[in-house]
Amino acid sequence: MSLSRLGFVVFSLLFAVSGTRAADVDRMNVLFIVSDDLTNNALGCYGSQMGKSPNIDKLAAKGVRFDRAYCQFPLCNPSRSSFLTGLRPDTTKVYENSTQFRKNIPEVQTLPQTFHKNGYYVARVGKLYHYGVPGQIGTNGLDDPSSWEKVVNPKGRDKDDEEMIFTLTPDAKGAARFGGTLSWLAAEGADAEQTDGKIAEEVIKLLDANKGKPFFLGCGFFRPHTPYVAPKKYFDMYPMDKISLPVVPEKRRQSAPAPAFGSSKKEQDNMTDDQRRQAIQAYHASTTFMDAQVGKVLEALEKLKLADKTIIVFISDHGYHLGEHGLWQKMSLFENSTRVPLLIYDPRSKGNGKACSRIVELVDLHATLAELAGIAAPNGTNPKIPAVEGKSLKPLLDDPTAKWDKPALTQVSRGTPTATGEPVGKNPWFMGYSVRTERYRYTEWDGGKKGSQLYDYEKDPAELKNLVNEPEYAEMVKGMKAHIPTKK
């Protein structure tokens with residue numbers, strides 16, 4: 001072989017190898033950040049007058065902020081099972097916090113599996129699938145081993161300090177003592193000692209270790225889930241005398257069907273005003289602490305020169321009440337509980353720096369991220385693998401004002417949920433469904449047998465006037481009702 005021919009062969013081989021590597025380098029990474037139990041009303045980028053969230057706000061200004069994004073079920077396990085598969089709760093049959101979704105849909109291809117199938121390194125740190133908080137911190141919880149190549153389960157001093165935590169139910173056992181009711185602690189020590197601080201550190205290590213190849217990295221923070229634990233300095237940022245309480249009209253619970261308020265808890269209803277202020281202070285403190293950890297991760301992304309080739313998603317699994325309607329925490333079908341923060345930054349998107357007012361859903365994320373990465377989400381061609389039920393948000397990332405007419409569907413159970421929905425004992429199980437368009441929300445309980453609601457957000461953003469029986473809204477109700485599944 002001549003020297004020129006040999007040189008061509010060597011060059012061709014080098015080009016092929018380097019071309020493959022270049023293709024890997026050109027692929028967009030995904031950093032998928034999930035906060036736990038976060039309301040939009042705690043974030044400055046969503047108009048909060050109290051909440052301090054400078055790092056999340058910076059991300060919102062950089063990417064596309066979705067102002068009307070909704071979860072599919074306002075409870076951790078059903079919601080996370082939904083957005084990490086791209087399937088609705090009535091498909092996963094997960095309606096509570098104890099069922100692992102593969103029990104019902106064993107062949108499903110999850111969002112991280114879609115990326116792994118296409119050559120990505122996939123890993124998670126902290127809570128992506130459901131964990132009982134704080135009981136399962138440091139364990140795998142209800143994780144899905146098939147979804148990840150590597151998992152890291154940090155555990156900080158918040159676990160060691162549990163006996164120091166104030167709770168409304170000190171005599172309760174298990175989840176009912178801390179995770180299931182309002183509880184808080186202004187902790188001693190530094191950020192890095194807390195579980196979320198350790199999560200940030202471990203995510204940064206994985207970013208550094210895998211910066212030379214395409215990755216899908218899940219970063220799951222536990223705060224601000226109860227117990228609201230954060231270093232004391234974050235509590236000091238929210239002086240008690242600056243905290244105002246939501247105004248709840250008298251006889252509020254007589255103005256809508258009883259199941260609408262079915263998430264209330266006696267110990268929370270009986271709090272003093274001082275305790276309410278303490279709870280709000282603690283919630284915001286733990287949110288700002290979580291925001292600081294987000295900032296550390298985003299700063300590392302910049303330092304590692306990964307920011308220009310990484311799609312960043314920030315969400316919460318569902319919304320949250322801080323006394324609105326007289327309710328606390330989640331599990332309602334009011335706006336506070338169903339609406340979630342959703343920020344997406346793709347360096348290539350034309351809509352970056354803008355807000356989108358279209359109605360979108362967390363179930364849309366699987367289809368969205370697959371399209372942004374140029375890979376295929378499950379589409380039903382394989383009969384064993386369910387097709388994703390969401391819709392790609394890419395058109396809205398390019399033009400946040402683009403035409404979009406898909407409403408959001410959120411559901412929640414009352415009574416004792418089971419996988420098939422049979423009545424259980426003295427506490428019969430039924431479902432509430434809620435349809436949200438850009439102007440209206442229609443909700444019905446047990447197919448309407450236990451009541452319905454209709455709110456006009458243009459006239460009544462606080463959801464105080466139920467219009468469902470007003471004659472002039474009859475056609476509106478009929479149209480909204482058509483989006484609710486007939487089989488419940």
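What does the pLDDT of this protein average, and what share of the residues score at least 70? This is a predicted model, so let me start there, going by the definition of pLDDT as the predictor's confidence in each residue. The average is 93, and 92% of the residues score at least 70.

Okay, on to the inside. The largest nonpolar core has 57 residues. The ones that touch the most other members are Leu31, Ile33, Leu182, Val203, Phe221 and Phe314. Helix 10, residues 273–303, gives the most to this core, with twelve residues. There's another core apart from that one, with 46 residues, including Phe83, Ala367, Leu372 and Leu396. As a general point, nonpolar side chains in soluble globular proteins tend to be buried together.

Have a look at Phe221 while you're in there. Leaving out residues up to four places away in sequence, Phe221 touches Ile33, Val34, Ser35 and Asp36, among others. Its list also includes Asp196, Ile199 and Ala200, and then Met290, Gln293, Val294 and Val297.

Next, strand 12, residues 339–345. How many of its seven residues are buried? Seven of the seven. In a regular strand the side chains alternate between the two faces of the sheet. Here, both faces are covered: Arg339, Pro341, Leu343 and Tyr345 are buried on one side, and Val340, Leu342 and Ile344 on the other.

And which strands does strand 12 pair with? Strand 2, residues 64–70, pairs with strand 12 in the antiparallel sense over five bridges. Strand 9, residues 310–316, is also antiparallel to strand 12, over four bridges.

Last topic, the rings. The count comes to 16 aromatic pairs.

The charged end of Arg436 sits over the ring of Tyr457, 3.9 Å from the ring centre. Lys450 does this with Phe430, its charged end 4.6 Å from the centre of that ring.

That's my tour, thanks.

Terms used: Residues numbered from 1 in each chain as written. Predicted model: local features only at pLDDT ≥ 70, side-chain atom pairs only at ≥ 80, totals over all residues. Heavy atoms only, no water. Phe/Tyr/Trp six-rings, centres within 6.5 Å; stacked < 30°, edge-to-face > 60°. Lys NZ or Arg CZ within 6 Å of the ring centre and 35° of its normal. pLDDT = per-residue confidence, 0-100. Buried < 20%, exposed > 50% of the residue type's maximum accessible area, 1.4 Å probe, protein only. Helix = DSSP H or I, 4+ residues; strand = E, 2+ residues; numbered from the N terminus. Pairing = 2+ DSSP bridges. Core = buried A, V, L, I, M, F, W, Y, C linked by side-chain atoms within 4.5 Å. Contact = heavy atoms within 4.5 Å.
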